[in-house]
Amino acid sequence: MSLKISKTEFKKDVMDNCRRLFRKELDEATPQEQYQSVSYAVKDMIVENWIATQKQLTKDDPKIVYYMSMEFLMGRALGNNLINMTAYEDVKEALDELGIDLNFVEDQEPDPALGNGGLGRLAACFLDSLASLGYAAYGCGIRYRYGMFKQKIENGYQVEKPDNWLKYGNPFELRRPEYAKEIRFGGNIRVEYDDETGKTLFKQENYESVLAVPYDYPIVGYDNNQVNTLRIWDAEPIVDFQLDSFDKGDYHKAVEQQNLAKTIVEVLYPNDNHYAGKELRLKQQYFFVSASLQAAVDKYMRNHDDIRKLYEKATFQMNDTHPTVAVAELMRILLDDYQLEWQEAWDVTTKACAYTNHTIMAEALEKWPIDLFSRLLPRVYQIIQEIDRRFIIQVEEMYPGNEDKKRTMGILRDGQVRMANLAIVAGYSVNGVARLHTEILKKRELKDFYEMMPEKFNNKTNGITQRRFLMHGNPLLASWVTEKIGTKAWATDLSLMSGLKKYVDDPKAQQEFMDIKYKNKERLAKYILEHNGIEVDPRSIFDVQVKRLHEYKRQLLNIMHVMYLYNKIKEHPELSFYPRTFIFGAKASAGYIRAKEIIKLINSVADVINNDRSINGKIKVVFIEDYRVSNAEWIFAAADVSEQISTASKEASGTGNMKFMLNGAPTLGTMDGANVEIVEEVGSENAFIFGMSSDEVMNYEKNGGYNPYEIYNNDADIRRVVDQLVDGTYADGDTERYRDLYNSLLNTNCSDRADMYFILKDFRSYAEAQERVEAAYKDREGWARMALLNTACCGKFSSDRTIEEYAKEIWHLHKIKVEA
Ligand code: Z15
C-alpha cells in the first residue's frame, strides 16, 4: 500500500495541521506539537480505511470477537501504525524533506500504558494480529486517566510518578458520545409481578449510576486496508440522564455521581499476578463489562431480530478472571432487558463466553467477599446464586454425595464469589497459555473441572507480533532477514523465518548477523549512557532480564549470582572472565515491599561493582529505569542472553522470552511456561536450560517445601552470598536493610515457607548454566550460529499463529476482505 497520498500532499497536511492546531509554522512548533501535527495527518489516512472496514462489516455481517480485557498495553501508536500501513519509509522521507526526524517525532508520544505486563501486552499483540489476519474484532477495556506509573529510581529505590498520558490529548482517539451507556451500582432489587405477561420483573432501585462513554482507537492491520477498533470506556457523571424524577435536583446525589465517575476510571491498578480485593477494582470491572456487553447486544440487534442467536454473531473472550462478571451481566441483559427464560438465556451465554487462564499463582485468584459483591451488584449477585444453585445440582447428579467436588468447584463458597469457577462453569472454552501451563491446569489446579467437562479445555500457546518487535524495533535485522530469505512475507507469515536456517553455517551471514547485533548494542549503550550515566561496552555480553518484578520470576537469583561472580573475580583476578553487562528492567507493584527491596539491592550491587576499578570493568550492572514497551523494543534488539529463570511451574507462558528469541538471543532459563516450547523449536543445544522441573517443584510444595539450610551449610560460595545480604557489603554497612530478603531465603522470622521460590536450590545449576553461556559466547562462530538459529526457529511464536488457533478452534470466525 505505502503512502496513499503523494509525499507533497502529506507534507502539506502536516503543515496545515500545525497552523490550524497551534497557529504556528512547523519549524516554530515544539516537538510535541510536531508530533501532533504528524499524527493527525496519519490519522486522516487511517480514517479512510476505518470507514471502509465498517462498511465491509455491515455488508458481510461476520461473527465478531469481543476481546474483553482490563488491560491493553499498547505502546506507542504512531510508528506502529506507519509500519502496518507500510508507509513508514515514505513518511520518514517526507518528514526528512521538512527537516524533521521521524524517530525524534515518535519519541514525543507518551507510551499508552493501560496495562501492567504480560497479560496486557498479549492483548495488544492479539489486536494487531486480529486486524492483520482479517478478523472482525473489538478490544473492550477502560480508558484509565492514569496508566501504569512512571518509574523513577531515586537513591536506588523505586519511586512511582503518575502517568498523565492524556496531558496533551491523544490524536488517535475518537470520542463516541452517541454510544454512551448507563451503568448502575448498588441499591436494592424490587420484585414485581406483571399481571399482563405473567412475568416476574426485577427492578433495581436506589442505585448510583454513571455514564460510560466510549473512545475508539484504530487498530491498523498490516497491509490489508483493515482497521479494527479498540473501544475503551470513560466514565462521566449522568446529568439529568434517566434520573428518577424524584432525584432531579438532588444535589447530594449529583455530587456523589460526579465523584463516582471521576474515581472509577482514574487509575490502572499496578498489580501484576496479584489480587488486592479492592471495591473500586470490582466497580471498574463491572463498569467496562456492562458497557461493552450493552454495546455488543445493541449492535447485534440493529440488524438481527432474534437475540437467542446472539452467539452466532458474537463471542466474548474473557482475558483472565478480571472480566468474568460478564457471564452474569449477559444473563441479566437477556433475562431482564430481553425477557428470555433462564434456560434460553443460559444457552446463549454458554455459547458466547470463553475464558483464558493466565496464572496458577494462588495470590492472583479473584475471590470477592459476598457482602461486598452483593452490595455493589445486587441483581448480578442474584443471578450468580442461581447459576451456582443449578451447577451444584449438576455436580450432585454426576458425583452423588461427593462434598469435596462441591467444595472445590462451587462458585459461592466460604463467603466468597470465585470468579474463575464462574468463568469455567459458564464458558464454552477454557484455555491455558502454554502447553505446560494447560497440562498443569488439567492435572492439578482445575483437575475436578477437567474431569467433569474435559471438552472445554484447550491450549493456546501465546505469541507476539513480529510487526512491532522486529520490523519496528529492529529495522536492521528486519531488512537483513528480508534480503536473506528473499521476501518480506515473514511480516504476516513468521514461519518463513526458517528460510534463515540455510545460512547458519555461512560465515558471511554469521558476520552480518553479529554486526547487526553489535549496532543494536551500541544503540542501547547510548541509551544507557544518556539515561543512567553508566558506560557499558557493546563488546561485552549483554545479559538481560526485563519483566515485572516478582519473587517467582527470581530477579533475586540473578542478582545473587552477580554477587557470586564478583566475589569470584575479586578472589581470583587471574582467572579468565568474559566481560558481561547484566541488564535489568522491572517495575514493582507499588505496595509489594519485598519486590522493592530487590530493586534496591540490584541498584546497590550495581553501585558497588560499577565503581570498583579493580575488576577492570569485567562486570557492569545496569538497572534501566521505567522499563516499558518503547524501550523494550531496543532492549530486545540488543540482547545476547535472554534470562527466563522463573521457578518451574510458576510462569504460565512468558512472552518476553519470545521477543528475545525473535531478535536472536538464546534463552537461559528453566523448563517453565513457553520456554519448553522454545527449546523444542530451537533444540536444547541452542539454549541454556537449568534447574528443577515443574514436577519436582510441585512435589516439594506438596510436602511443605525443602530445607535451605542444607545448601547454606554445605556450599561456602552460596553461604557467602547469602551472608552478604546482612553484613553490610551492599548497604553501606547497614546490616538490616536486606534482612527481610535474607529471612525469606532461610526462614528466620518469616511467615512463608523458607525459600519458597527455590533460589538456593537452583543456584548451583544456574551458575553452571551461566558458565556454559560464557564458554559458548567465546566461540564466536558457534555463538553466531546459535543466535541465528533462535531467530530462524521463532516462527511458531507469532501471535498470528496464536490468533489463527483461537479463530478456528474457539471463536469460529471467518475473514473479511477490505478493498482499498
Ligand atoms: C499477567 O501479566 C499474567 C498473568 C496474570 O494472571 C496476570 Cl493478573 C497478569 C501473565 C503471566 O504471568 C505470563 O506468564 C503470561 O505470559 C502472560 O500473562 C500472558 O498470558
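Select asparagine 206, found in the loop between β8 and β9 (208-220). Asparagine 206 has a positive phi of about 55° although it is not a glycine. Most residues other than glycine have a negative phi. With a relative accessible area of 55%, asparagine 206 is exposed; the term means over 50%, buried means under 20%, and partly exposed is in between (1.4 Å probe, protein chains only).

This is a predicted model, in which local features need pLDDT of at least 70, side-chain atom pairs count only at pLDDT 80 or more, and totals for chains, interfaces and linings use all residues. Residues are numbered from 1 along each chain as its sequence is written, and side-chain values use heavy atoms, with hydrogens and water left out.

Next, go to aspartate 61, in the loop between α2 (31-60) and β1 (64-68). Aspartate 61 also has a positive phi, near 50°, in a residue other than glycine. Its relative accessible area is 24%, so aspartate 61 counts as partly exposed.

Now select serine 129, in helix α6 (residues 118-133). Is serine 129 buried or exposed? Its relative accessible area is 0%, so serine 129 is buried. Show its neighbours: leaving out residues up to four places away in sequence, serine 129 touches Arg467, Ser799, Asp800 and Ile803. A contact means heavy atoms within 4.5 Å.

Serine 589 is the next stop, in the loop between β19 (580-585) and α22 (593-610). Serine 589 counts as buried because its relative accessibility is 7%. Its contacts, not counting residues up to four places away in sequence, are Pro270, Asn271, Arg548 and Lys596.

**Pockets**

Rolling a probe the size of a water molecule over the atoms shows where empty space is left. On a 1 Å grid over the protein atoms alone, a cavity is a set of points where a 1.4 Å probe fits but cannot get out, while a pocket is an open set with protein on both sides within 12 Å along at least five of seven lines; lining residues have an atom within 4 Å of a point. Grid points are joined across faces, edges and corners, and a volume is the space filled by probe spheres set on the points.

For the largest pocket, select Tyr88, Asn103, His472, Pro475 and Arg523, which lie nearest its centre among 34 lining residues. The volume of the largest pocket is about 1,000 Å³. Elements supplying at least two residues each to this lining are α4 (88-97), α5 (102-106), α18 (466-472), α19 (475-485), α20 (507-532) and α23 (629-638). Which element gives the most to the lining of the largest pocket? That is α20, with seven residues. The lining of the largest pocket divides into 12 nonpolar, 10 polar and 12 charged residues. Ala, Val, Leu, Ile, Met, Phe, Trp, Tyr, Cys and Pro count as nonpolar, Asp, Glu, Lys and Arg as charged, and the others, Gly among them, as polar.

Move to the second largest pocket, which holds about 790 Å³ of space. Its lining has 33 residues, with Phe202, Arg332, Leu335, Asp336 and Asp337 closest to the centre. Two or more lining residues come from each of β6 (181-185), β8 (200-205), α8 (279-303), α10 (325-337) and α13 (378-398). Of these, α10 gives the most, with six residues. The lining of the second largest pocket is made up of 13 nonpolar, seven polar and 13 charged residues.

**Cavities**

The structure holds nine cavities of 30 Å³ or more. Select Met74, Gly75, Ala77, Pro218 and Ile219, the residues nearest the centre of the second largest cavity, which has 25 lining residues. Its space comes to about 310 Å³. The lining of the second largest cavity divides into 14 nonpolar, six polar and five charged residues.

**Whole chain**

Zoom out to the protein chain, with its 32 helices and 23 strands. Buried residues make up 62% of its 820 residues. The C-alpha trace spans about 95 × 75 × 55 Å along its principal axes.

Conventions: Helices (H or I, at least four residues) and strands (E, at least two) are DSSP runs, numbered from the N terminus.
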